[in-house]
Amino acid sequence: MAPATALTADQIRAARRDAPTTRARDFAESLGLAEAQLLAAHQGHGATRITAHPDRLMPAVEGLGEAMALTRMAGCVHEKIGRYGNYQPGDHACMVLNGAIDLRLFPRHWVHGFAVEDMTDTGPRRSLQVFDAAGDAVHKIHLRDRSDHAAWAGLVAELALPDAPDTLVPDARAAPEAAKLRPDRAEDLRTGWDRLTDTHQFLMMVARLKMNRLGAYRLAGAPYARALAPSAMAPLLDRLAQTALPVMIFVGNPGCIQIHSGPIRRIEGMGPWLNVLDAGFNLHLRGDHVAELWEVHKPTRRGPVTSVEAFDAQGRILCQIFGTHKPQDRMAEFADLVAGLPARAAEVPA
């Protein structure tokens, strides 16, 4: 086959017909394409280019009723079932907060949009998919049996981009940011950490110190952060399922953060994947991608907050699991559970 950069849309579609069951992301990667390029090649052949901006997309999606929201990054996938609604726009950040669907959106990364309709033996499978400038998935909305499929055609017509091409030239991917830390500012970091009153202040604080999240964890030390054994993620999920402790589980990419709030119940491993398979919520985490796992404590007005945060070998955050103060305060129980997880055997390099 010709190099991916030389493939025409016809050639990409022909190749896809020969591998119809391969996941789109994996198939695109096998051709050296970004996933958005694969969908662009199907413009007029099951895919329609649509506006990607959340100010247009999110209000329109409310009419679809129940859907499955999917947000992923390399190594972790977060899936929630619910209804979109209560969209709150913003220039730099937006929100969807409507019961099960809880999203933080960053519009500058919502660049390429597609409405996708695949025909299967059981009928059409429909989704709305948004990608960043590099052609990587930001957020996907999958219709379900209980969705309002009668509203699909009108929604696509409303959002469609006229005269859209069947080619797409992605930007280069931004390189992952490794841990950034300033040993000469260690005391400033700890002093600022002690003064936090809200977890959302943390990233602004470390940015002022010319650090990032992972670098701050490596530098701060106890009692602020403790390096856990990366293998502790599996027993953490098991213990959460056994205790039914409510937690908040965050998974995101630069364009979207998706949040689950509540207990988790059914944990199943499958090869390298750690899976939460609950009604209404699925999490799929590559356990072998967890290179660093951190127990983190931050002060807030409501009391201390404990989290467990997983990073891959490139320093990208895979997921965060927070204890919660509401609807009833179970934070101390979560902190005790996390305190029982094993520490990393060797020191994390500074």
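User: What does Arg144 form a salt bridge with?

Analyst: Its partner is Glu66. The closest N and O atoms are 3.1 Å apart. Keep in mind that this is a predicted model.

User: Is Glu66 buried or exposed?

Analyst: Glu66 counts as buried, because its relative accessibility is 14% and the cut-off for buried is under 20%. Arg144 is partly exposed, with a relative accessible area of 31%.

User: Which residues are linked in a network with Glu66?

Analyst: Arg144 and Arg146. The three are linked by salt bridges.

User: How many salt bridges does the count come to?

Analyst: The count comes to 20.

User: OK, what about Glu292? Which side chain does it meet in a salt bridge?

Analyst: That of Arg218, at 2.3 Å from N to O. Glu292 lies in strand β16 (residues 292-298) and Arg218 in helix α8 (residues 213-220), so this pair ties together parts 74 residues apart in sequence.

User: And how accessible are Glu292 and Arg218?

Analyst: Glu292 has 7% relative accessibility and counts as buried. Arg218 has 23%, so it counts as partly exposed.

User: What does Lys298 pair with?

Analyst: Lys298 forms a salt bridge with Glu309. Their closest N and O atoms are 3.7 Å apart. Lys298 lies in strand β16 and Glu309 in strand β17 (residues 305-311), so the bridge ties together parts 11 residues apart in sequence. Both Lys298 and Glu309 are buried.

User: New topic: strands. How do β2 and β3 run?

Analyst: Antiparallel. Eight bridges join β2 (residues 66-73) to β3. For example, Met68 has Ile81 in β3 as its bridge partner.

User: What do β2 and β3 form?

Analyst: A hairpin, with two residues between the strands. Gly75 is in the turn and has a positive phi of about 100°.

User: Which other strand is β3 joined to?

Analyst: β15 (residues 281-286), through five bridges. These two run antiparallel as well. Glu79 stands opposite Asn282 in β15.

User: So is β3 mostly covered or open?

Analyst: Mostly covered. Strand β3 spans residues 76-83, and six of its eight residues are buried.

User: Where do side chains point in a regular strand?

Analyst: They alternate between the two faces of the sheet.

Terms used
Residues numbered from 1 in each chain as written. Predicted model: local features only at pLDDT ≥ 70, side-chain atom pairs only at ≥ 80, totals over all residues. Heavy atoms only, no water. Buried < 20%, exposed > 50% of the residue type's maximum accessible area, 1.4 Å probe, protein only. Helix = DSSP H or I, 4+ residues; strand = E, 2+ residues; numbered from the N terminus. Pairing = 2+ DSSP bridges. Salt bridge = Lys/Arg side-chain N within 4 Å of Asp/Glu carboxyl O.
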